[in-house]
Every structure is written in structure tokens, then in C-alpha cells.
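Subject: Structure for you to look at

Hello,

Here is the structure I promised to send over. Please open it first, then read my notes alongside it.

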Amino acid sequence: MIKILTPFEKISKQNRTLILLGWLVLLIIIWFATTSGEKHLFPSPAQVLVGFKDLYKEGLVVHIFNSLSLCFISIFLATVISLLFAYAWPIPVLKSISEFVTKFRFLPFTGLSFYITMVVHEARAMQVWILVIFLTTFLTTSLIAVIKDIPQEEFDHAKMLKCTRWEVLLQVIILGRIDYVIDVIRQNLAITWMMLVTVESIVVASGGLGFLIKNSDKFMNTGRIIALQIIILLIGLGLDAGINFLRKALFRYSKI
Amino acid sequence: MKHEYKETLLYVENLSVAYDDTIIIKDINLVEKDVIRDGVDSTGQVVAFVGRSGRGKSTFFKALTGLIPTNSGKILIRDFANNEPNAAKSVCEGDIGFVDQKYTLFRHKTVTEALKFSLRKTKLSNTEKDEKIKLYLKEWGLENCKDKYPNELSGGQRQRTAIIEQLFSSDQFIVLDEPFSGLDVGNIEEVKKSFELLGKSSDFNTVIFSTHDIELAIELAQTIYVIGHPTVNGKKENYGTIVAKYDLRDMGLAWKDYCDDHLKLSKEIIHQMMIS
């Protein structure tokens, strides 16, 4: 008993699972207990269950599909653009451009989306490009950080094997860190997912989970909002685990 | 055992390296020649560099291998592409192989892929390359690891792969920066075996390494250089240079079992290191 309260003590896998289950049960009890009265801010489990049912009837699956396809298209495009910026970073003449792109992550969302709405008129394309622009800044920042973290020994090793500077770029950065690209996507997935729901709630014309939240928000349907939050959280966690699995499955040498 | 000096393999003259205004190493001069022994098929050269930390050993190695530019001096190595006796060329990046303390390898290439990559600039045909790789994997005990990635190899296996890779790519010169640091007894034995294999495979193979283990340096090397801060006109300077050289071949201490004379030499080297 003392062991689980002592810092840095090692506990068995079984005990770890038991602790996790204990916290989950406690959370559910608190949820039931605090929402059993007449007035409560947080919706009760029953209200959330009703929320789930309503959402399902309103085409939840189609909305999830819409959100996921928006997520994948944006990540794909943003990754391709970010990789170009990141791979250009070691080239002196292009370094400033890559670094400049990373600074854009401090720009507010709304201002830029205003300009995008003026240029792009189709709702879906608008959502995609808002997301791509913002994601590119975050992904480029992370990818450049990956390159900066490569030990000098790896570059020296390539040079010692008579690699030209372009071969060093190809072998050490592009091929040598391709598994890190997947990990960078995984690490930025939380922010992608968060931005995606926000973008969908700003540009509501093409549905998605953000659109559903916006609708529920309007009618103060808290049960539905929590049901949606749970769905968004679970999909996010599922994507995170899926991408991590993909990295390990595709790259045997990847041990990040 | 009788030995004879032949062609010059490595010639370093007045080598100096400075970062901004700070001189790291200065006036390094050395000559290493090919040595032939009676009754021995091939004797590679093993040269050790010892010295206290911060005396410029790693900087010297990086300059020697062309990884960092020098401020003055020249480094010449035997030009094996030229059949003229004593033909020499200036060192370029990649001419002298370099194995760092971590035995860095390409993390995305298996042992076979890495060795194939290091042979890409040779004139061998694909079949010849495959045969050469197969032969080395067998000789160096790496047959079972041919399809493994660096993260799946043991320290000793990584080190052997790194050495073969550099041997394939460079011109018979290999520099190892502290190859024994952090290794257990078993791995140290493996590195020793690697040195032996290198020496046996060609007369021209020249292994240059740095170490803090003086006894190991005496056991393996035929020449030991001490790098330290020199005292010039009674004043101790702040740059590294060669302060002492011990040729174990001329001293009659090379290629023989450890004895009292080796112990005396060890004490002498430690003294040199302490005063520089």
C-alpha cells in the first residue's frame, strides 16, 4: 500500500491496471453522484446516452467520415508542403524561408481564414486550405526540430562514406528520418484534431463533427455536446494509436 | 622479430587547427611507414594516441580525416591508385575512414545494405560486391546479423560493421576515436580481434586510435603518441601537440607478450601525460 504512494516506486503491470480501473470507477461514481439531483451543470450519463442516440439518428457516422476525410486530406497536403520546407532548411539560401514559415504559427486563426474565404469559395476547399496553412506551420516547426536533433556524428559518418552533400541530405535527413515524419504527424494530431473541429464549426456548410457541436451548442443540448466530446476524444486517441502502430509496423528500425 | 620500414603511408606536417582565435592543436608532425616483418604474411600498422582530456585528440582526428578544415600544414597519404613508389596524395573527406565512439551507422540500413552502400563508389561488379560482403561477414562473425538494423545489433556487432564499412569506403586507413570507452571486457576482446583482423588482411591497413587505457595502447599499438600541452621556453602553452613518441618496434616491445618493460613504458607514458 505504501509502495503505490511512494515516488519512483516500481509497481507491477497488474497493479497499474488496477489503479487505472480504480480511477475510472471513481470518475464514473463522481459523474453519477454529481448529476443525480434536479439542477446540475454537467449532463447526467442518461442525458449523454440520449445524446449519443440522437447523434446516431442524425447521421453521426457520415459526419465522422466527413471529419476524418478532411483530417486525412489536410494532413497529407500539409505534410508534403512541410517536408519541402523542412528539407530546404539545411540549404543556406532557403533556410530563412523555412524558419519564416514556422513563425506563422503565432498568427491568429480568424484573421487568416478571412482572407482564405475571399480567395476560396467552395466550403470544403476552404476548410482544407485553412487547415493546411495552419498545420504546415506546426509540422514544419516539428520537422525542423527533428533535423536539428540529428547528432553531428550521423552527418560525419555519411561524409566519411564519401557522400556528397546532397547524398548526406538524402541518407541522413530524408531516408534516415522518414519514420520521424510519422511521429511528427502523431504528435501534431491533437492540434490537428482540435483545429479541424474548430474549422468545421466556422465553415459549417460541409458537415462534420464540428458542425454537430455547433448545432448542439445552439440549443444548449449539453448531453449531445458531451457525447460528441467523448466521440472526438475516442477518435483522436484511436488515430494516435493507429499512427504509432503504423510507424512501428512500417519501420522495423524505428525506436523513438 | 626482425622488421623493416618500407613506403611512407601517412605524412603529417605542421598541422594546426584553430576555432576563431583559439588554437586547439598546433605543429603536429608525424610519419608512419609500412612495416614488413620476417615470416609474417602481413602486418598492418596500429598507432595509438593518448593524452588527457581536452588536449585536442578528437580535433586532430577530425582534421586528419578531413572532417574539419585545418589552418595550416599538410596531410598526405599513400596513393594506392598510383603504382609509382611513394606516390602520395592530400587527404580528402572519406579517404581516411573514421569510426566514432558511438559506432554510428545508417539507422535505416541493414548490415548488408550499409556495406553495399559503402562499396557503391568502387569499380567492383554487383556480384563481386556481394561476394566481398559475404566474405567479410563470415570472417568478422557477422553472418547472422546480415539482415539486422543497427538498433538490433550488440555493441560489438555495431563496431565491427562500422569498421568494415569504413574499410570498404576508405583507402586502408581507419581512425577510431576512443573505441574502448564504455565497453565491457567481452566487447574489448571483440575490438582487439577486429584490430588483429585488420592487420592480417593487408600490409597497408593502418589503424589509428585514441584511448585513455595506456596498457591497452601498449598491448595493441606499435607506435604511441602522447598529445598534450607543450612547455615552450618554460611556459606551458594552451594548445595540443605531440609531446612524446614511443616506437615499440624500435624499443623491442612490439608484437610480444606483456612484461616488465611494458610496465615501465606505461609509467613513463603516464608521467608524460601528467606533465603535459
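Start with strand S6 of chain B, which is covered on both faces. Ile96(B) and Phe98(B) lie on one side, Gly97(B) and Val99(B) on the other, and all are buried. Bear in mind throughout that this is a predicted model.

S6(B), residues 96-99, is joined to strand S7(B), residues 173-176, by four bridges. The two run parallel. Gly97(B) stands opposite Ile174(B) in S7(B). Val99(B) has Leu176(B) as its bridge partner.

Glu178(B) sits in the loop between S7 and helix H5 (185-201) of chain B. Its phi is near 45°, a positive value in a residue other than glycine. Glu178(B) counts as partly exposed because 19 other C-beta atoms lie within 10 Å; buried would take 20 or more.

Next, the cores. Which residues touch the most other members of the largest nonpolar core? They are Ala48(B), Ile174(B) and Ile224(B), in a core of 75 residues. Ile224(B) touches Ala48(B), Val50(B), Ala217(B), Ile218(B), Tyr246(B), Leu248(B) and Ile269(B), leaving out residues up to four places away in sequence. In soluble globular proteins, nonpolar side chains tend to be buried together.

Chain B also holds an open sheet of four strands, in the order S2-S1-S4-S5 and with antiparallel pairing. S2(B), residues 22-37, and S5(B), residues 88-90, stand at the edges. Each has a single partner strand, so one side of each is left without a neighbour in the sheet. From one strand to the next, the twist averages 25°. Helix H1(B), residues 57-64, packs on this sheet and touches S1, S2 and S4 of chain B. The direction of H1(B) makes about 65° with that of S2(B).

Two details from the sheet. S4(B), residues 72-78, pairs with S5(B) in the antiparallel sense over three bridges, and Leu76(B) stands opposite Ser90(B) in S5(B). In S2(B) you will find Asp27(B), whose phi is near 50°, a positive value in a residue other than glycine. Asp27(B) is partly exposed, with 16 other C-beta atoms within 10 Å.

- H4(B), residues 155-169, has 15 residues and reaches 21 Å from its first C-alpha to its last, close to the 21 Å expected at 1.5 Å a residue. Of its 15 residues, 14 are buried, so H4(B) is largely enclosed by the rest of the structure.
- H4(A), residues 92-103, has Ser98(A), Val101(A) and Thr102(A) as its buried residues. Seen down the helix axis, they fall within an arc of 100°, so they line one face of H4(A). What covers them includes helix H3 (60-88) and helix H6 (123-148) of chain A. The face turned away carries the exposed residues Val93(A), Ser96(A), Ile97(A), Phe100(A) and Lys103(A).

Finally, the contact between the chains. How many residues does each chain give? Chain A gives 14 residues and chain B gives 20 residues. On the side of chain A that touches chain B, the elements giving two or more residues are helix H7 (152-160) and helix H8 (165-175). H7(A) gives the most, with six residues.

One residue to check there is Phe117(B), in helix H2 (residues 111-118) of chain B. Leaving aside neighbours within four places in sequence, Phe117(B) is in contact with Leu161(A) and Lys109(B). Phe117(B) counts as partly exposed, with 19 C-beta neighbours inside 10 Å. Phe117(B) and Phe168(B) are 51 residues apart in sequence and 9.5 Å apart in space, C-alpha to C-alpha.

Best wishes

Notes
Residues are numbered from 1 along each chain as its sequence is written. Chains are lettered from A and ligands numbered from 1 in the order in which they are written. This is a predicted model: local features need pLDDT of at least 70, side-chain atom pairs count only at pLDDT 80 or more; totals for chains, interfaces and linings use all residues. The expected span of a helix is 1.5 Å times one less than its number of residues. A residue is buried if 20 or more other C-beta atoms lie within 10 Å of its own, exposed if 12 or fewer, and partly exposed in between; C-beta atoms are placed from the backbone. Two strands pair if DSSP finds at least two bridges between them. Axes are lines fitted to C-alpha atoms, for helices over the stretch in contact, and angles run from 0 to 180 degrees between N-to-C directions. Two residues are in contact if their C-beta atoms, placed from the backbone, lie within 7 Å. The arc is that of the directions from the helix axis to the C-beta atoms. A nonpolar core is a set of buried Ala, Val, Leu, Ile, Met, Phe, Trp, Tyr and Cys residues joined through C-beta atoms within 7 Å.
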